[in-house]
Amino acid sequence: MSWPTEPPPAAHPARPADQPDVVLALDLGTGSLKAALITAGGDTLRRAAHPYPAHSPQPGWSESHPQDWWAAAREAARAVLRGTDPAHVQAVTLSGQMHGVTLTAPTGEALRPAVLWSDTRSAPQLTAYHALPEPLLRHLRNPPVTGFAGPTLLWLAAQEPATLAAARWALQPKDWLRLHLTGEAATDPSDASGTLLFDPQRQDWHTELLDRLGLPAALLPPIRPSGSVAGFLRETPARDLGLPPGLPVMTGAADTAAALHAADLTPGEAQLTVGTGAQLALSRADLPEPHGALHAFRDATQGWYLLAAVQNAGNVLEWVRRTLRLSWPDMYLGAQQADGDPAPLFLPYLTGDRTPHLDPHARAGWLGLSADHDPGHLAYAAFEGVALSIAQAAELLNLPRAQPLRLAGGGTLDPWWQQLLSDALNRPLHVTNVPDASLRGAARLAWTGLGVPWTAPAPTVTATLTPNAQRIPSARRAGFRSAYHVLKYSG
């Protein structure tokens with residue numbers, strides 16, 4: 001069941017020439033929702049963000065309340081629209097965090113908190129995937145890991161069958177937000193390909209897999225192109241946002257796919273983005289072959305990308321900062337002052353690990369502490385541990401040694417941190433000027449879908465970092481690798 005689709009809006013009246021047309025882009029992240037007004041020329045006129053908490057009611061659980069997402073969307077949208085003539089807004093467009101599950105009633109309300117990508121409760125359900133015939137498992141092009149929609153739905157079927165039976169839709173986070181805006185359920189290929197329920201060759205839901213797992217295909221929404229119009233803004237959410245009803249609402253894309261679309265990667269180019277987690281994405285024109293601990297996802301257009309997904313990056317640095325009771329300036333200052341001193345090793349696997357270990361039970365910790373270490377040494381070790389974890393994941397992409405990585409993402413603005421990443425990767429980094437890349441990618445999809453050319457200039461390299469291979473000695477790198485096994489089997 002879905003609400004009736006509202007008709008397209010009537011033509012806008014004449015508008016003052018000093019206010020350009022914009023789209024309202026919404027990016028639903030793990031800890032906040034960002035909103036921006038973006039022109040077809042790529043100019044961000046206004047930007048706002050509103051936070052919300054993620055909850056962990058039990059160890060290994062990671063949940064978020066969809067009503068918090070909507071409250072954040074309302075506040076962020078109102079902030080950017082304040083003082084703007086709503087008649088200049090041509091569409092609403094979306095990007096969002098991948099992999100989660102939001103169970104939704106026929107009336108559109110969430111039936112329970114959304115289960116997020118970082119949730120590891122479905123580890124026992126991975127046995128159902130590993131029991132699949134090997135050709136079928138390889139056909140998925142993705143290793144079974146917790147946090148994806150397929151294993152999470154298996155957990156819900158086992159632990160909360162009444163709630164699952166009451167659900168009309170199992171939606172990705174951004175798709176729930178769009179349902180709230182339009183009354184129409186849908187997803188796009190970039191998010192569908194990250195569920196472990198997608199047939200990458202047919203580019204549709206995998207009916208044989210769903211049958212084998214015992215999951216109802218009717219829970220999954222239609223798949224529409226990322227740049228298409230998925231519905232029109234309903235009256236009540238339009239009033240809440242301060243927009244006219246009937247505006248087109250675009251399908252949108254997963255946050256990583258949207259960010260890659262904004263970055264304008266060509267096949268064979270790779271980009272590192274550091275946020276809550278870290279993503280190393282290698283653009284591909286064709287469907288990649290199965291590749292161990294790497295993921296293969298659809299991009300926002302017609303291509304693919306190989307992804308080395310590092311589960312712990314900005315989230316673990318934020319945890320270290322809070323645990324050490326440091327401000328961010330003091331965290332960076334202490335780490336830089338300790339840089340070069342003997343420091344403990346730090347394993348960053350606070351919520352398990354995806355690439356390269358595929359281990360939801362991996363754990364974090366400092367090793368080799370002495371009485372000489374202070375909070376600055378612990379902070380340095382945390383930055384270095386995240387960087388070494390990213391470097392270990394990057395090895396699986398098998399990039400030519402001299403090939404640079406593009407570096408993007410709000411978690412890599414500090415020059416010292418950028419250089420440490422280059423040194424850990426032992427690879428040149430090209431720092432690019434793509435702020436709010438997921439928002440920009442969603443905006444680009446919207447303008448193109450509306451038939452308006454995207455005329456933003458191509459991203460430019462603002463700095464080139466040359467690695468210092470001697471900064472992190474080989475013995476220390478080896479110690480980092482072996483320490484994972486120490487904590488893995490220590491209970």
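Student: Leaving aside neighbours within four places in sequence, which residues is Ala338 in contact with?

Tutor: In this predicted model, Ala338 is in contact with Gly376, His377 and Tyr380. Contact here means that heavy atoms come within 4.5 Å.

Student: Where is Ala338 found?

Tutor: Ala338 belongs to helix H12, which covers residues 328-338.

Student: Why is Ala338 called buried?

Tutor: Its relative accessibility is 3%, and buried means under 20%. Ala338 therefore counts as buried.

Student: And why does Glu75 count as partly exposed?

Tutor: Glu75 has 32% relative accessibility.

Student: What makes Glu75 and Arg74 a salt bridge?

Tutor: Their side chains meet at 3.8 Å, N to O. The rule asks for a nitrogen of Lys or Arg within 4 Å of a carboxyl oxygen of Asp or Glu, so this pair qualifies.

Student: How do you know that Glu63 forms a salt bridge with Arg112?

Tutor: The closest N and O atoms of Glu63 and Arg112 are 3.2 Å apart. The limit is 4 Å, so the pair counts. This pair links distant parts of the chain, 49 residues apart: Glu63 is in strand S4, and Arg112 is in the loop between strand S6 and strand S7.

Student: Are Glu63 and Arg112 buried or exposed?

Tutor: Both Glu63 and Arg112 are buried.

Student: How many salt bridges does the rule give?

Tutor: The count comes to 24.

Methods: Residues are numbered from 1 along each chain as its sequence is written. This is a predicted model: local features need pLDDT of at least 70, side-chain atom pairs count only at pLDDT 80 or more; totals for chains, interfaces and linings use all residues. Side-chain values use heavy atoms; hydrogens and water are left out. Helices (H or I, at least four residues) and strands (E, at least two) are DSSP runs, numbered from the N terminus. Buried means under 20% relative accessible area, exposed over 50%, partly exposed in between (1.4 Å probe, protein chains only).
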